[in-house]
Amino acid sequence: MEGPQCMKCIHYQVTYDISAPRGCRLYQIKSAVMPSMIVKQSTGKECPDFKLREKKKEEKESFNDPKYWKD
Ligand code: SF4
C-alpha cells in the first residue's frame, strides 16, 4: 500500500456511519475509503499530516505475581 497508512495515524478514527466508517479527525473526513486517498485525490499530494500513533503497552495481569498469593 502506498502513501501514509491512516490506520496507524493518530488522526484516524472509526466512525459509527456504516456507509462511511473511516474517518480523519484532522481533515474532518468520513469516507468508505481511507482518508489519505481523499487527501491525495483532492490535493494531488500524499497526506502531509501523518503522525504515527504510539502503541499503548498493555500490562497484562499475571496471576504468578506474588501479590495474588496468600500465605
Ligand atoms: S492525517 Fe492524513 S494520514 Fe492521518 S488519518 Fe488523516 S488523512 Fe490519514
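**Exercise 1. Classify the residues of the shell around the ligand as nonpolar, polar or charged.**

Solution. In this predicted model, where local features need pLDDT of at least 70, side-chain atom pairs count only at pLDDT 80 or more, and totals for chains, interfaces and linings use all residues, the shell divides into ten nonpolar residues, two polar and one charged. Here Ala, Val, Leu, Ile, Met, Phe, Trp, Tyr, Cys and Pro count as nonpolar, Asp, Glu, Lys and Arg as charged, and the others, Gly among them, as polar. The ligand is surrounded by 13 residues (a heavy atom within 4 Å), and the closest are Cys6, Cys9, His11, Cys24 and Cys47. The most is given by α1, with three residues; helices are DSSP runs of H or I with at least four residues, strands runs of E with at least two, numbered from the N terminus.

**Exercise 2. Determine whether Cys6 is buried or exposed, and list what Cys6 touches.**

Solution. Residues are numbered from 1 along each chain as its sequence is written, and side-chain values use heavy atoms, with hydrogens and water left out. Cys6, in the segment before β1, has 10% relative accessibility and therefore counts as buried (under 20% relative accessible area; exposed is over 50%, partly exposed in between; 1.4 Å probe, protein chains only). Not counting residues up to four places away in sequence, Cys6 touches Tyr12, Met34, Pro35 and Ser36, a contact being heavy atoms within 4.5 Å.

**Exercise 3. Identify the buried residues of α1 and their packing partners.**

Solution. In α1 (residues 35–43), Pro35, Ser36 and Val39 are buried. They cover an arc of only 100° around the axis (directions from the helix axis to the C-beta atoms), which puts them on the same side of α1. These buried residues pack against β1 (12–14), β2 (22–24) and β3 (29–31).
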